Amino acid sequence: MPINRILIKAQVATYANVLLEAARNKGNIFEVNSQLEQALHTIRGNMNLRDALADTTTPAEVRANIVKEIFKDFDPALIKALALMAEREFIDHLSRVCEAYTLAAEEATDSIVIDVTTAVELNDELRTKLKDRLSAQYDGKDIVLQEHVDKSILGGIIMSAHGKLIDASVISQLENARLVLSTVPAGGEA
Amino acid sequence: MKAKSATGRNALLVSLLASGLSLAMPVLALAEEGGGGFSLLIPKMGEFIPTLIAFIIIWIILAKVGWPMITGMLDEREKTIKDSLEQAEQAKIQSEQLLAEHKAQLDEARVEAAQIIANAKEAGEALKADITAKAQQESADMIAKAHLAIEAEKKAAIADLQSSVADLSVSVAGRLIGENLSDDEHLKLIERYVAEAGSLDAN
């Protein structure tokens, strides 16, 4: 493995472990995990923000201030970590930090973090049912749901964990139906 | 030998003619003198002997000089005629041979001409059949290509229509679901999907 990649891996682990340690002390491990995911989605989903944070001609202090301003409602330790990553031009590796943090958090709490996306907010009853079902799939481990509401999926649910994904959304089923309707040979020809 | 005998016959004929003339001369003399009776038929010796001598001299001269000349000329003439006849015969034979050869050549040419005509006819028929077959094949190919093109166009049009119908159907369905489902119905749908979904931990 090239030295640069080893260094990056070590840096990713450092960020993840520092964040986890701070969150453990405050008792908000999975809240920080959720905020970390939100930060990643925010940066990925905004091209101007992504370009501004990746632009090396922008002073490091300015980049750090941008992050602090945008994510001011997040956990203070996470804000500091994100600002540091922006200053040191490490924000491109935020997704790896996020993954490493999730894995470390799961290991520390002996639980599994599942990303759940629905068109409406889950109620407690459904949340419990979902956790029970997922817990049975992961040998009785605790399940932590990171919930996201996205009306564009029209209905149903999308679940993902450890790079695996179950897409039971209405939008994807409609897309499958559209593909089938478009590709099935026309019948009834004499 | 034959020429020689002919020459002898000519010499005898000339001598008889000469003697006849010499014998007739005393008779004519007697007749001119006007004597009568049998005596007229008997030549007078005084005239007969000189006449005979003259006859012999003439005969000898003719035999020595005239006859050979005459017979030579005749022989030469005969030879010339004979050669001419032989040449004519040769020419006739040659002309007959040439005629036969020409006839044979003509027959051969006729046979060759007939063969050439037959070959040309056969080649023409073959060419005609070939051109006809090619034209039929090209026509069949063009028809097949046209059928394929029509079929492809038809399929493309059907696919386009199918795709448009699918897009429209899905769009309408999505809009209906998004607008008409209540939160409870959404939650029931999620519960049903979760029950039907596979395991995240499955390999």
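In this predicted model, the contact between the two chains draws on 29 residues from chain A and 26 residues from chain B, where two residues are in contact if their C-beta atoms, placed from the backbone, lie within 7 Å. On the side of chain A that touches chain B, two or more residues come from each of β1 (111-118), α7 (124-137), β3 (156-161), β4 (164-169) and α8 (170-183) of chain A. Helix α8(A) gives the largest share, seven residues. By class, this side holds 19 nonpolar, six polar and four charged residues.

Residues are numbered from 1 along each chain as its sequence is written, and chains are lettered from A in the order in which they are written. Local features need pLDDT of at least 70, side-chain atom pairs count only at pLDDT 80 or more, and totals for chains, interfaces and linings use all residues.

Within chain A, helix α1 (residues 3-26) packs with helix α5 (residues 76-87) at an angle of about 165°, their axes 10 Å apart. The two helices are therefore roughly antiparallel, a term for angles over 145 degrees. Their crossing is right-handed. Helix α1(A) contributes Y15(A), V18(A), L19(A), A22(A) and A23(A), while α5(A) contributes A77(A), L78(A), A81(A) and M85(A). This contact has nine nonpolar residues, with no polar and no charged ones.

Helices here are DSSP runs (H or I, at least four residues), and strands are runs of E of at least two. Of the 203 residues in chain B, 4% are buried, that is, with 20 or more other C-beta atoms within 10 Å of their own.

Key: Axes fitted to C-alpha atoms, helices over the stretch in contact; angles between N-to-C directions. Parallel < 35°, antiparallel > 145°, perpendicular 65-115°, else oblique. Left-handed = near helix turned anticlockwise from the far one by under 90°. Nonpolar A, V, L, I, M, F, W, Y, C, P; charged D, E, K, R; others polar. Buried ≥ 20, exposed ≤ 12 C-beta atoms within 10 Å, placed from the backbone.
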